[in-house]
Amino acid sequence: MGRVYDQLEPVDVSGEKFHAPLPLGPEGLCYGTLQNGMKYYVRQCPKPKGRCALALAVRVGSVVEEEEERGIAHIVEHLAFNATESYSNHDIVRLLERIGAEFGACQNAYTSADETVYTLTVPTGDKEGLLAETLGVMAEMAFKIRCAPTDLDKERGAVLEEWRMSRDAGGRLQEAHWKLIFQGSKYADRLPIGTEAVIRRGPANTVRSFYERWYRPENMALVAVGDFPDTEGVVELIRKHMGSGASRSSSSSPATPVPKFHYVPHVEPRFKVLVDRETQHPLVYVSFKHPRTRISTPEDFLEHLTTTVFEVAVNNRLYKISRLQKPPFASASVSEEPLCATTGSCVLSATAMDGQVLSALESLLTEVARVRLHGIGPAEFARALSELQSEVENTALEADQGYCTEIRDEYVRHFLNNEFVTGQEYEARLTKSLMPQISREAVERCAQRYRPRDSCVVKVMDHYRSCTEDQLKKVFERVAAAEAAGDIGPWEEPPAPESLMAEVPEPLAPETAIVKERYFPAPLDVTELTLSNGMRVAFKSTTFMRDEIHMTGFALGGLSEVPQELFYTASLAGTMAGHLGIFGFRPDVLGDILAGRRVDLEVTEGAYYRIMRGVQSPMDMETAMQLVHLLFTTQVRLVPEEVETAVKLVRQAIEAQLRNPLHSYSQRVRYINYGGCYYFKQLTLEDVDRVDPALALAHHNLSWQNPGEYTLVLTGNIDREQFLPLLCRYLATLPKTGLPPPKLPKDVKPLPYSFPETPVVEDVKVSMVSPVAQSQITFPVSLSRPQAREDLVWLGLVCRALETRLIQKMRFVRGDVYTVSVSPFFGCVPPSLDGDPQGDVAIMFSCDPANKDRLVAMALQELTVIQGGAMTAPEVETLVNLERLHFEESQAENSYWHEVIVMGYQSKSYQLLGGDLAAVYGKNMEAREKVLSSCTPEALREAFCRLIPAPPTSRYTAISMLPRPPSIFHRIGALLAGRWLGSSSNTLRGGDGPGGLPLEASSVVTTTATATTPLLGSRSGSGSGSGSGFLTAGGGGGSASTTTYLTSTSVMAATVVTAAAAIGAGLLLWSKSTSIKRGS
């Protein structure tokens, strides 16, 4: 292990200290109790600069609700953002956005069975009083929520739409899971989302009674972590705003203590087969429940570390089983999961191969039985320890570089669950001190927790009744009998090399390896080296994170160059090559070699580029460079049995998507919006049948052979003196090839796509279990080449402004949706384009099918109103302020600068400015500042009219998904299925629950070698945060992701940021409006 690990000072855990409580820390933390009983945590954190993360944690959730209150805890959370003594109807959201506390993804609230948490991140720098103003808002949430009938009626619609979103297949599965696992406990009937009846008709006095009964200062904590100079000053602000807060109850009776609903054990296992026709992947889930444990002493922490080593070792075994030629599952895992405040569980889970749920279950049970009988081998134990040591190293390196939001959340968990928080440095030292006490025998004893008598719950989820509960029970009995008879043999550890390379290449002398060097001055501060084999390497050294280097390599020429008849063969090349091993080793063998090393490298091919990307540790850069070398020098060979397994995984993924109600809808949206372009056609089983595996592997090998085609960009903690020898040994020694020279941007073949010239309005009716409508309204966007830079900035502002306005109108005023997203897409723009870039902007939302037409019309009307000049000066000022704050924050991120460099190289401006990266960035920043400085209501109105058709109804598409009414035969069949099978075939489904990992589709290597990616993606951006309906329900009023499937199958369609680079800007990197956000 590296220097940092070796130099960590041990923590004295001898004698009684081993059993003594760990200190709450680190030094500098202000922790205490206000006079009214509220707890507070205040700590300085300089990252990000000028920001403070706040949280109001309430130790009350849905489990304390009475029958007539089911869902009230979540409703109160919604009201907190819309109805307090001082604020009404979106006022809090507008205030928070005005002061720079953007309201949206992961910045509002959530409600779980045991707690309700409100979170905000606000600026602390430019203006005085912002923190005090925000604390005043949180005090209103804590003690001054209104619960009047009019307030409640305004919010019912949004909560109902969130409930509707939770009724998808995943939500139905989660509800069934929750009821099954908590059978016999009050938790079973207290999902946070509540019931439709209470959401629709729960009276205001019931809501008020719940709020007054439970929202008391002794049940609360306020956490503030951020870049402020004086922690004591922040404590005083908390005292001022929170110290006098009290329950609004007028009752003179003593406060009701928050009840605890303790773990309910059961001796006999519970077996359940859940059937839902929309289930995508068959899932197996085995839970062994136990009282939830707390980590409060070194002894507790040692037990936690021992469990971690056990999980790493067993998961490595399960991964190797998934790589067999005829595996029982596509992926599997063993894990420790907290279920609620009082109950935890040890979990075995698997995504089974079709028709193999019983085999998957037997394999899971057999492996833990094998550990009980034969233990864990020395090599397995050593690899698992090396993974743990690697985490210690990372923790120590970045001990003072944590983000305020992450640290805030740690203290929230301390308050809610008494989780220990000592600070990263102390935790790293403590781990190092305890690691010598982790024994193989203690690790092996962890398998004793996975026995049927330990409150075991077994469930299978599939789209048909693939087995019975009695068959599940017999699998348990068969494995138990085999274990008792000693018929389970020891694990046969396959041999693995100790290193990636038996012999490393002899390095070239620097003067031979590097034929040209160029430097782009600050703020880029990029060094560009051209190697003798033609590869170009650019690196930027930063100090943002000590243990992080972003790496991206790319070459012009992607799937658009492939003849259409070979398109699917080429698009599956990465999947097949990845299954066989693109670095010269099978992925499971590679995982053993890389144990304990912090490297990852993903290889993908999009329409116009071949790309390798990943994030590496500076200490493992030699390993990363070896992987790059092996990628270019490995010829992946056809192994028919291995390819057969890869094809089977692909086919199963396609069949799974066919069961998704969104499948037909997404197909139609792509067909209409992109003129039937083949690139956006979803992969079918017939397409897979026509794939030639030999040609697919030949395509992969040819794509990753010529280093002269590639530019490699690295950003992070790079030491030039240490990096150059690696470059000379592993990159410069890549052999030149006799292949044609690198493709020029002007020669890249564009995709044949087109947007409809006239309006298209269409409903796509699909069969679905729970009725919901989803709409996408799309407008063509054309950017004038001479002002494309400015227009991309304008487009980001337009999307953000439109999204904000639609959320305000459609959610806060009407209450008809839970969220709306607005995002641009320029993924079809080729680097060869000389004319005006063409893209689109889409509005997406889901709703009650009965409201679909009205809401589509409302969105179009609101856009028309904005184009007529309805944006106010305060709205525009808030818009610009948020954009500046996001940009300021992004400049302290390696990811921002890395994408700036990559997109700079890929941009049209790079071609036009003679390859001057600094000039490209300078012009982009000039354009950005020009737009933000001139952004007035009139200028923004003009941008709306210039970028989006005016009126918007002159050219657009509005494609909506609606439920197809079931036939009488379908209804009768569903009724009979419910009677005969015990579980309605129209009720429950798996696919996204515990263990529901997606099937692999791209070539990825990580230190655990288990990374997988789905075959089907979403439009752009990413969803994050907790969804509604299972452990948490999303809250007050943030944006959330609207699920769509609008990119190509098993290939990486260019996202908006890549497209921005092709256009010549790279200006949307920091624009939150370009990503689909997820509330709560």
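Q: What's the length of helix H21, in residues and in Å?
A: H21 covers residues 621-633, so to speak 13 residues, and spans 18 Å from first C-alpha to last, close to the 18 Å expected at 1.5 Å a residue. The expected span is 1.5 Å times one less than the number of residues. Helices here are DSSP runs of H or I with at least four residues, strands are E runs of at least two, and both are numbered from the N terminus.

Q: Is this an experimental or a predicted model?
A: This is a predicted model, where local features need pLDDT of at least 70, side-chain atom pairs count only at pLDDT 80 or more, and totals for chains, interfaces and linings use all residues. Residues are numbered from 1 along each chain as its sequence is written, and side-chain values use heavy atoms, with hydrogens and water left out.

Q: Back to H21: mostly covered or mostly open?
A: Mostly covered, with 11 of its 13 residues buried. Buried means under 20% relative accessible area, exposed means over 50%, and partly exposed is in between (1.4 Å probe, protein chains only). Among the buried ones are Met621, Met625 and Phe632.

Q: Which residues touch the most others in the largest nonpolar core?
A: Met625 and Leu714, out of 97 residues in that core. H21 gives the most to this core, with eight residues. A nonpolar core is a set of buried Ala, Val, Leu, Ile, Met, Phe, Trp, Tyr and Cys residues joined through side-chain atoms within 4.5 Å.

Q: And what is Leu714 in contact with?
A: Leaving aside neighbours within four places in sequence, its partners include Met621, Met625, Phe723 and His898. Contact means heavy atoms within 4.5 Å.

Q: New topic: how many aromatic pairs are there?
A: The structure holds 30. One of them is Phe567 with Tyr678, edge-to-face at 5.0 Å centre to centre and 85° between the planes. Rings of Phe, Tyr and Trp (its six-membered ring) pair if their centres lie within 6.5 Å; planes under 30 degrees apart are stacked, over 60 edge-to-face, and the rest tilted.

Q: Where do Phe567 and Tyr678 lie?
A: Phe567 is in helix H18 and Tyr678 is in the loop between H23 and H24, so the pair ties together parts 111 residues apart in sequence. Both Phe567 and Tyr678 are buried.

Q: Which residues form the aromatic cluster with them?
A: Tyr568, Tyr674, Tyr679, Phe680 and Phe825 are in one cluster with Phe567 and Tyr678.
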